[in-house]
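Trainee: Could you walk me through this structure, one question at a time?
Mentor: Gladly, let us look at it together.

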Amino acid sequence: MTDLQDARDVRTEGLQVATRHPVPKGEPILELRALQKKYGTVEALKPASLTFLSGEIHAIVGENGAGKSTLIKLLTGVIKRTSGEIFWCGKPVQLGTPHEAIERGINAVHQEVVLCAHLSVAANMFLGDEINRNGVMRKRAMTDAAQRVLDDLGFNLPAGAVLGSLTIGQQQLVATARAAMRGTQFLIFDEPTAYLTRQESAQLFRLIRRLQAEGVTIVYISHRMEEVFELADRVSVLRDGTHVGTRKIGETNEAELIALMINRTIEQIYHKEHFPAGAVIVETRNLSGPGFKDVSLTVRAGEIVGLYGLIGAGRSEFALGLYGRHRPTAGEIYWQGRKVDIASERVAMDLGIALAPESRRDQGLCLNLPIGLNINLPVFNRLTRGLTINGQQERENADRQIRDLKIKTPSRRVLASAMSGGNQQKIVIGKWLSHGAKLFIFDEPTVGVDVGTKAEIYRLFARLLEKGAGIILISSYLPEVYELSDRLHVFRRGQLVASHDYRAASHEEVLTQAIGV
Amino acid sequence: MSAETVESGAGAAPRKGVSILFGLTLLGLLLFLWLLLGFATNSFWTPNNISNLLRQGAMTAILAVGQTFVIITAGIDLSVGAVVGFTSVIVAWLLAAGVPLWAAILLTLAFGVLIGAFHAFGIVRMGLPPFIITLATLTSLRGIGLLITNGSTISITNEAFTNFSRADFLGVPSLFWMVIVVAVPAYIFLHLSRFGRYLFAVGSNSEAARLSGVNVHRTIYLAYILSSTCAAFVGLLLASRIGIGNATQAEGWELQAIASSVIGGTSLFGAVGSVHGPLLGAFILATINNGANLLNVNSFWQRIITGALIIVIVYFDQLRRRSAR
């Protein structure tokens with residue numbers, strides 16, 4: 001603990017402003033009064049009044065699109081509020097710029113690490129606030145100070161290593177250590193454990209408790225209920241941009257929080273229809289490739305095959321292998337009983353495989369191009385007559401998908417980047433509906449998608465199954481794969497480790513197999 | 001009401017509308033310059049000067065169209081000026097060796113195809129950045145051209161060939177007709193065919209394009225081959241105009257082509273561009289040079305004005321795009 005303070009002392013005094021105005025534990029440190037954020041005419045955050053008490057761990061839960069990230073951006077000065085007031089230590093403040101938030105001692109650790117991958121761990125920890133003597137950086141002093149902090153926190157990380165050589169989880173710990181050194185009074189964690197192993201999570205939790213003991217107020221954003229109940233003192237729930245309640249952790253339970261979060265029962269969301277399983281569409285035998293090994297599974301017409309596992313367990317890699325993006329190194333693929341060699345994406349598409357990939361942003365969409373072009377991209381060869389594209393068919397096809405999928409856009413000419421997560425996912429799906437396929441692979445189809453659109457997507461699954469298609473559903477969200485899959489396969493470290501029929505195993509059993517304790 | 005409509009509510013202007021509007025503003029700027037020069041000088045609106053202006057702009061315009069294909073894929077082709085000089089040498093050399101005119105032209109264009117294919121090979125197979133591979137050929141091609149000519153020039157004695165650039169057709173210089181010969185198929189290719197759509201898709205997100213079944217490698221080959229072939233075509237026109245083959249000709253034309261393309265609304269980040277934009281851009285640049293000559297503006301000032309104008313036009317374009325979002 002003293003080393004952490006030492007490291008702070010090594011640094012200039014400027015950032016210590018916040019610590020000079022301590023608020024006694026349990027008193028309000030940050031108060032939001034009717035805080036509101038509008039984009040155009042749409043309220044991303046409806047007037048919310050929330051109080052954070054000094055030294056507490058305050059969890060915020062809510063579905064994707066509930067307004068959590070809007071709230072964080074408002075508190076860290078990334079965006080400006082439309083109306084309402086913010087009181088910091090009892091005084092009204094602007095929080096108009098990220099700089100002001102940091103000056104006051106408000107910091108955030110994001111889910112995705114926003115540091116410089118090419119610099120050393122120490123350089124990152126001191127980034128923007130280096131130790132200087134006469135204008136020359138004192139690299140050794142910084143490395144030593146950073147190492148002391150890391151050791152003190154029990155992280156077992158080398159301060160001199162290049163950040164990019166660490167795992168995502170380790171980088172997350174570095175980001176946290178960095179925030180911890182900065183005279184932070186108020187630290188926001190945005191789903192920090194999404195990419196962490198259990199060990200790393202445990203280290204992070206220890207650090208959070210320690211920061212709390214030092215008087216730092218923690219806001220912990222997560223949708224993992226078990227973490228909320230393990231860590232938090234109080235929990236606030238957001239739903240569709242509304243703050244629907246705050247509870248003391250001892251006075252609530254998981255069922256109540258979920259009811260507040262989604263305002264409907266699990267059965268209403270996970271729309272499941274059972275169809276008689278038809279002929280085998282695809283079968284893999286001992287398929288291996290980059291990131292997956294020895295995977296044997298079958299998909300029949302009319303069934304959903306779920307692939308569950310932690311991030312990096314090889315599910316997406318398997319999907320990309322099946323789709324011809326990465327060529328399998330061993331094993332066989334049988335398509336409707338016939339052995340095939342899927343050498344490229346085009347071959348997969350021509351067989352009748354469609355892939356809605358994991359990342360809409362990196363793999364799914366051409367964001368700065370119109371919605372219409374995105375939807376038609378796989379089928380331009382079919383829309384071509386002679387040398388040119390049939391403009392009328394092109395327009396009709398795009399408009400049909402926009403109408404059928406209820407994509408909320410004034411026109412097919414709007415850029416895909418202007419759409420919300422849910423609508424972007426619909427564009428990706430629309431692309432493959434217009435192409436048509438026998439086997440649809442949906443990789444994390446509901447990440448960043450609001451509850452209403454989720455339900456629409458699940459209904460769409462049923463429509464596809466009804467028409468005789470088969471679906472591979474990849475998800476890191478257990479309830480989703482659990483409730484929807486006719487057969488559920490569990491992946492761990494690139495291998496298929498267990499398989500269950502519809503609801504045959506318990507959540508705990510599946511989770512244990514995925515983690516491999 | 002969830003976050004669902006957050007961004008779509010903010011509204012993005014239909015893209016095609018913006019493109020046409022921008023095209024019209026550029027056309028307006030060009031006409032404005034012409035009117036202005038018409039008032040400011042006596043000699044601007046003479047048939048002789050207009051023909052001259054159309055000839056001056058024609059070659060940059062063709063280069064700019066080819067360059068635009070490459071820039072739309074988020075690449076860059078720095079070699080086009082060198083390709084022009086190199087191919088002027090090739091055609092002069094072939095004609096001097098007694099190759100028939102038609103064969104010399106086809107062979108020269110074939111060199112353009114080969115150079116473009118080499119660029120794409122470097123990018124796709126060797127993983128070199130477009131900037132680097134085309135910078136390398138920029139240097140080497142000038143060197144090869146100088147080796148062939150031994151540092152001097154090759155004169156072209158074929159009169160049919162050299163008369164072409166001086167000829168008119170329907171009162172319009174034949175060089176300007178060549179712009180139309182290139183622009184019409186280019187427009188069909190970029191705006192009406194699926195390959196045009198693929199160029200945009202690759203420039204926007206090549207992984208998404210690939211997973212949608214677009215042959216990304218083939219698309220990149222196509223873009224660079226088209227750019228180099230346009231440059232080889234300009235090499236033919238230049239050789240015809242000056243009557244010699246010389247590897248040091250067309251110095252800095254690649255920058256003219258890139259500037260024309262960017263003035264015409266092409267984004268260096270890829271996925272934004274058109275065929276009509278760079279054409280207008282090229283003739284705006286040609287008009288400025290032409291006008292400055294007529295007004296007896298010091299040629300050093302011409303360069304400064306051109307540079308300033310690029311900043312102003314592209315800045316306003318950025319503003320327009322931002323406000324359209």
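Mentor: Let us start with a term: a residue is buried if 20 or more other C-beta atoms lie within 10 Å of its own, exposed if 12 or fewer, and partly exposed in between, with C-beta atoms placed from the backbone. This is a predicted model, in which local features need pLDDT of at least 70 and side-chain atom pairs count only at pLDDT 80 or more, while totals for chains, interfaces and linings use all residues. Residues are numbered from 1 along each chain as its sequence is written, and chains are lettered from A and ligands numbered from 1 in the order in which they are written.

Trainee: Is Leu170(B) buried or exposed?
Mentor: Leu170(B) sits in the loop between strand 2 (168-169) and strand 3 (172-173) of chain B; strands (E, at least two residues) and helices (H or I, at least four) are DSSP runs, numbered from the N terminus. Inside 10 Å it has 6 C-beta neighbours, so Leu170(B) counts as exposed.

Trainee: What is the phi of Leu170(B)?
Mentor: Most residues other than glycine have a negative phi. Leu170(B) is not a glycine, yet its phi is positive, at about 55 degrees.

Trainee: Where in chain A is Lys406(A) found?
Mentor: Lys406(A) is exposed, with 11 other C-beta atoms within 10 Å. Its phi is positive too, near 55 degrees. Its place is the loop between helix 16 (391-404) and helix 17 (421-435) of chain A.

Trainee: What is the radius of gyration of chain B?
Mentor: The radius is taken over C-alpha atoms, and the globule rule is 2.2 Å times the number of residues to the power 0.38. For 325 residues, a compact globule would have a value near 20 Å, and chain B agrees with 21 Å.

Trainee: How many of the residues in chain B are buried, as a percentage?
Mentor: Chain B has 14 helices and 4 strands. Of its 325 residues, the buried share is 50%.

Trainee: At what angle do helix 3 and helix 12 of chain B pack?
Mentor: Two packed helices are described by the angle between their axes and the distance between the axes. Axes are lines fitted to C-alpha atoms, for helices over the stretch in contact, and angles run from 0 to 180 degrees between N-to-C directions. For helix 3 (residues 47-72) and helix 12 (residues 253-263) of chain B, the axes are 8 Å apart and the angle is about 70 degrees.
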